[in-house]
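Trainee: Hi! Could you walk me through a structure that is new to me?
Mentor: Happy to, here it is.
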Amino acid sequence: MSHLFFGYFASMIIATSILVVALKNPVYSALSLLVMFFHVAGLFVTLHAEFLAAVQIIVYAGAILVLYLFVVMILNVKQDDRYHNQWRAAGFVCAPLLIEAMVLLSGGAKARMTGTQAVPGPSAESLAPDNTLAIGQTLFSTYLFPFEVASLVLLVAMIGAIVLAKREIGEPDNPNPMLRTKAAE
Amino acid sequence: MVTEFGLRLAISLTQIGAVMCIVVLTVLILTLAERKVLGWMQDRMGPMEVGPYGILQPFADAIKLFFKEDIVPAGANKLIFTMAPILCLIPTFIGFAVIPWGPNWTFEVNGIIVKPFVISDINIGILYILAFASLAAYGIILGGWASNSKYSLLGGLRSAAQVISYELNVGLAIVGVLILAGSLSLVKITDGQTGWFWNWYIFALPAPQLFAFVVYVISVVAETNRVPFDLPEAESELVAGFFTEYSGLRFAFFFLAEYANMVLVSCVASALFLGGWNAPYPGTLMDLVGLSSWSWIESTMWFAIKTYSLLFLFFWLRATLPRLRYDQLMRFGWKVMLPIALANIVVTAIAVFIAQQIK
């Protein structure tokens, strides 16, 4: 049963990922990306990591992809042919990747023959009743320092975005009415 | 094995059917109640023509929408135009799966444990609702884009910005409750609020979530695109916003989604902050009378009363407040609501920590 679900989710992820880069309409690409995020969340559920599944949908599907869609719609790119028909470049990138994948897969097959599983099923510890608790405890004890570093990096990125997007209030050629009212205050 | 699976499926489908019926019925009542309440508040009668006292008005509306001509504008993206109302509706209805409607009872049918008052008690209940609530924006933004109309597009874009901004506040307002409850499951959160009404998380020591409740209510009003935050459908500037081009059944879907979403956020608010199905006194009156097996009626009624009071608040706000300007909306969300929600998390966390140390 779990293998069936894994097969479904994995094949859908592959198919929709290809569609994201292959479709010519950027809105359709964004929608395929949405479907892909859902199936990644599904993979997390099959691994009994419900917390990660929910966070995956909230963060990627609920926030980031909406912003992508926003940009696509504001720019109103109906079709952009610049990035299509680049088969030669694609071939150059894909050939080594394909070879690498073959090598890895044959290695995985060998490992299965010697007894170790190529696709690990849900392990016993991931079946803990409350994976939210487990993630929280691991994150704030073992990985506390990386966690803090990541939050610092995100904070810097946030400040950077504000600095880049902000214009000086007194700037004369400022067409934005919102900033003008602020200057008046 | 197969019969067990079949039985489980049958029980779940029955529960889902029952919940769907209740929600759709509530939406029907709401459409009438809104017009009636607004009428009374504005010293009018409201709808009076269909049926005695106008109570059959929702059915007349539904039949009208059902038989209306279905128009797809020329130049619209047909696929996405058709998909958008469904994309709007599904996430809202899915959320009801984890709402506890009544006491946390369990009984066994042929070795299968059934919880009659919740379809599925999953351990990330509230995150599940937030995850699907965040998807409702897609229906709106795609509907606006696919209509190929500038009013719809502007409505859709406004909505996307608004929903993302206020969703953040909803999530942060809930965190305080989660710290107090120590669980993400709505069933466990409600169970933590039994006893007198001062055990409800809105009043509970060590950190009453009063501010979080206010932030939550204001933010969900914005998230459901209701007055005074209904900028995505501001009729004086955008005709009808993202559903300008929609008619007939597809319009009905958007309408249904908006009202079902109101019901959902009210249910979540009463489960998180107002004790869910718990009465304001310990136990139930039915227990005192000796009719323990009927106490679920009292519990579910308390849940209904709380939910309907919050829904009444939605109408009340609509009758009272004028619409905000877009920059006011954004400034209010990011500069007022967000800091309050963040401060609430800090204060709650410190209070809970101190309370644990004292114990």
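Trainee: What should I know before we start?
Mentor: This is a predicted model, where local features need pLDDT of at least 70 and side-chain atom pairs count only at pLDDT 80 or more, while totals for chains, interfaces and linings use all residues. Residues are numbered from 1 along each chain as its sequence is written, chains are lettered from A and ligands numbered from 1 in the order in which they are written, and side-chain values use heavy atoms, with hydrogens and water left out.

Trainee: Great. How many residues of chain B are in contact with chain A?
Mentor: On the chain B side there are 26, in contact with 30 residues of chain A. Contact means heavy atoms within 4.5 Å.

Trainee: And what area is buried between chain B and chain A?
Mentor: About 2,400 Å², with carbon and sulfur atoms giving 75% of that. Buried area is the accessible area (1.4 Å probe) that two parts lose on being put together, summed over both.

Trainee: Which helix of chain B gives the most to the side that touches chain A?
Mentor: Helix 6 of chain B does, with six residues. Helices are DSSP runs (H or I, at least four residues), numbered from the N terminus.

Trainee: Changing topic, how many residues has the largest nonpolar core?
Mentor: It has 113, and among those with the most contacts inside it are Tyr138(B), Leu142(B) and Phe273(B). Such a core is a set of buried Ala, Val, Leu, Ile, Met, Phe, Trp, Tyr and Cys residues joined through side-chain atoms within 4.5 Å. Helix 10 (residues 248-272) of chain B gives the most to this core, with 13 residues.

Trainee: What is Leu142(B) in contact with?
Mentor: Leaving aside neighbours within four places in sequence, Leu142(B) contacts residues that include Val27(A), Leu31(A), Ile80(B) and Leu87(B).

Trainee: Back to salt bridges. How many are there over all chains?
Mentor: The count is three. In one of them, Arg318(B) meets Glu34(B) at 2.8 Å, N to O. That pair links distant parts of the chain, with Arg318(B) in helix 12 (residues 295-320) and Glu34(B) in helix 1 (residues 2-41) of chain B, 284 residues apart.

Trainee: Is Glu34(B) buried or exposed?
Mentor: Glu34(B) is buried, because its relative accessible area is 2%. Buried means under 20% relative accessible area, exposed over 50%, and partly exposed in between (1.4 Å probe, protein chains only). Arg318(B), at 35%, is partly exposed.

Trainee: Which residue forms a salt bridge with Arg35(B)?
Mentor: Asp61(B) does, the closest N and O atoms being 3.3 Å apart. Here Asp61(B) is in helix 2 and Arg35(B) in helix 1 of chain B, 26 residues apart.

Trainee: What else touches Arg35(B)?
Mentor: Gln57(B) does, and Gln57(B) also touches Leu32(B), Pro47(B) and Val50(B), not counting residues up to four places away in sequence. Gln57(B) counts as buried because its relative accessibility is 12%.

Trainee: And where do Asp327(B) and Arg331(B) lie?
Mentor: Both are in helix 13 of chain B, four residues apart, about one turn of the helix.

Notes:
Helices (H or I, at least four residues) and strands (E, at least two) are DSSP runs, numbered from the N terminus. A salt bridge is a side-chain nitrogen of Lys or Arg within 4 Å of a carboxyl oxygen of Asp or Glu.
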